[in-house]
Amino acid sequence: MAAALAALSLWATAARADVLSASVATTPSGPAMPEGFVGVSFEFRAVHQYAGNNPLAIDPVLLNLIKGLAPDQAPIIRIGGDSTDDSWWPLKGMIPPGGIYYPITTGWLRTTQALAADLNAKLILGINLAAGRPAIAAAEGRAFISGIGSKYIDALEIGNEPNLYSVFSWYKDRNGHVYRARARSYDLDDYIQQFKQWAKVLPNVPLAGPAASNPTWMAQLGKFVTAAPRLGLVTYHRYPLRACTTDPSDPTFPSIPNLLADSSSEGLAAGVKSFVAVAGRHHLPLRIGEINSASCEGAKGVSDTFASALWALDTMFNFANVGVQGVNFHMLPGSNYELFTPSQTSSGSWQAFVHPEYYGLALFAQAFPPGAQLLNVTAPSGPTKVWATQAADGTIHVVVINQDPANEHDVAVTVPGQTTPGTIESLTAPSVSATSGVALGGQTFGAETSTGTLPGPAVTTSATPVSSVYTIPAPAASAAMLTIPPAVTP
C-alpha cells in the first residue's frame, strides 16, 4: 500500500507543471546572423540519390526541404565527407590509386550545377588530398569551375579529416592489406605544406580547411591560418557522440540521455569558442562543415528520434552564441542521422520521409533569421533552455526547449518594455524517443511528403503579457517559440 501511495505521489509531482522565471535583455549582442547558417552536407555519391539524375528536373521535394532550413536566403551546401578522398575526375592515362572508387562525371557536374542554380546556393566542395597527387586535385578543381561555375562555389575544401589519415585505413587491396593515406608521423605541419602545394594548382577561388575532426590540430589553428594561402573559410567537424562506441559508461556512447546532456550542446560549442576567436583575428569565418548527433552514421533509437530535434535546436543556438558562422548537418542515404529520406515512386515522382531532427532545425531557422542577433537571457540551469533573438525589424523570438522527458516546465519570461501580444508556436512529438508524429506549429510532413513543405500555416496560440511577463507552456520533451512583433507606432 505504501509503495502504491509513493508511486501515486510521484505521478502527481510529475504531472504538475512548475513555472520557471526567465528574463530577456533589451539590447542585442553578438554578430548578426549570416545567410545560410543552417546547411546540409552530402557525400559526392549521394548527390544523384538525393537530387536525381536529370539536371532539368531536380527533385522538387529536396529543393523545398533545403529551402525550409534557409528560408528566403541562399543556402550553403557542403559536398564532401569520406567521399572527398574516394573521388576523382578521371585523368587520361592515369590509373587511380586504390582508395579512389567514385568517378566524378559530366552528368554529376550538371546535376550539381542545376541543384545550386535552382536554390541559388553556394557550395563547399571537397578536393581529394588522400591520393597525394596534385594533378588529381587540379583536375577536380578545373572540372568544378567549368562544370558548375565559380559563382556557385563558396570554397574548395582540401581533404577530409586529414588528422585521421594516419589512424584509419584508406583502403584494402585484394589481398586484404591495409593502406593508410599517410604515415603515422603525418601532422599539421605536413598538412600545411600539402595545402600550399594544392593551392598552387587549384583554380583561383577561396580555399577551406583544415577540415579537422578533433581539437588537437585545431589547437594550432593560428599556425595554419597564418600559413595557408587563399584561405577563405576555416572548417571544423564535430559530433558529440560516437555510434561505434560500445561502452555504455563512455560519455560518447550513443544514448538519448547523453545526447541531451549539456556536454553535447553547450559543451560542444564551448570547445569551439577559442578557435572562432583565432579565425576572427585573421578576419576569417569558422564553419562547422560537418556535424550530426553521432558519428559512424548515427545510432538507431537516438539519432532518428525526437531527442535529436531538441538537441539540434539547442546546439545551433549554442554555436551561434560562440560566434560560429554556419553549420552543415551531414546526411548519408540509409544512415540513422538523415534529416530526410527521399524516394521516387514507380511513376517517377518524388517523396520523402522527414525525420524528427529536421523539425528542430526548421524551428531554429524561423527563430534566428538572417540579420537577427541574440538577446542575453537570464534563466535557471537545468533541462529547460531559454534563448532569445531580435530580428532587424524588431521582432523578438523567445525559444523554450524542455529536454525533460517526463515533466512540464513552463516559463514565465520577462521581456522589459514589451506590452504587445505575441503568439506561441510549438514543436511536439509523442515522446522524446518518438521517430514519427512530430509536429511544428501543429503541422506535420506525415508519413511521406510529396511537396517538401508543411501542409498549412502554423497553428499558434496567443500570449498576452502581464507587466511584460509572457508565460510559455513547455510540456515534457517539447519546444515552443514566442514571437513578439514590433510595436506599431501610431
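# Legends to the close-up views

Cys 296 is partly exposed, with a relative accessible area of 39% (buried means under 20%, exposed over 50% and partly exposed in between, for a 1.4 Å probe and protein chains only). The model is predicted, so local features need pLDDT of at least 70 and side-chain atom pairs count only at pLDDT 80 or more, whereas totals for chains, interfaces and linings use all residues. Residues are numbered from 1 along each chain as its sequence is written, and side-chain values use heavy atoms, with hydrogens and water left out.

**View A. The disulfide between Cys 244 and Cys 296.** The structure holds one disulfide (a pair of cysteine sulfur atoms within 2.5 Å). Its partners are Cys 244 and Cys 296, whose sulfur atoms lie 2.0 Å apart. The bond links distant parts of the chain, 52 residues apart: Cys 244 is in the loop between strand 12 (241–242) and helix 9 (256–259), and Cys 296 is in the loop between strand 14 (294–295) and helix 11. Helices (H or I, at least four residues) and strands (E, at least two) are DSSP runs numbered from the N terminus. Cys 244 is also partly exposed, at 40% relative accessible area.

**View B. Helix 11 against helix 12.** The axes of helix 11 (residues 306–321) and helix 12 (residues 356–367) come within 6 Å and cross at roughly 30°. Axes are lines fitted to C-alpha atoms, for helices over the stretch in contact, with angles from 0 to 180 degrees between N-to-C directions. Helix 11 is therefore roughly parallel to helix 12 (under 35 degrees is roughly parallel, over 145 roughly antiparallel, 65 to 115 roughly perpendicular and the rest oblique). Helix 11 contributes Phe 306, Ser 308, Ala 309, Trp 311, Ala 312, Leu 313, Met 316 and Phe 317 to the contact, and helix 12 contributes Pro 356, Glu 357, Gly 360, Leu 361, Leu 363, Phe 364 and Ala 367 (contact means heavy atoms within 4.5 Å). By class, twelve of these residues are nonpolar, two polar and one charged (Ala, Val, Leu, Ile, Met, Phe, Trp, Tyr, Cys and Pro count as nonpolar, Asp, Glu, Lys and Arg as charged, and the others, Gly among them, as polar).

View C. Asn 318 is buried, with a relative accessible area of 8%. When neighbours within four places in sequence are left aside, Asn 318 is in contact with Ser 265, Glu 266, Ala 269 and Trp 387.

**View D. Helix 3 and helix 4.** The axes of helix 3 (residues 60–69) and helix 4 (residues 106–119) come within 10 Å and cross at roughly 50°, which means that helix 3 is oblique to helix 4. Leu 62, Leu 63, Ile 66 and Lys 67 of helix 3 meet Leu 115, Asp 118 and Leu 119 of helix 4 in the contact. The contact has five nonpolar, no polar and two charged residues.

**View E. Met 331 in a loop between two strands.** Met 331 lies between strand 15 (327–330) and strand 16 (340–344) and counts as buried, at 0% relative accessibility. The C-alpha atoms of Met 331 and Val 40 are separated by 7.2 Å, although the two residues are 291 residues apart along the chain. Not counting residues up to four places away in sequence, Met 331 touches several residues, including Val 40, Ser 41, Phe 42, Glu 43 and Tyr 50.

**View F. Val 386 in strand 19 (residues 384–390).** Val 386 is buried, with a relative accessible area of 12%. Beyond its neighbours within four places in sequence, Val 386 is in contact with Ala 22, Val 377, Ala 379, Val 398, Val 399, Val 400 and Val 411.
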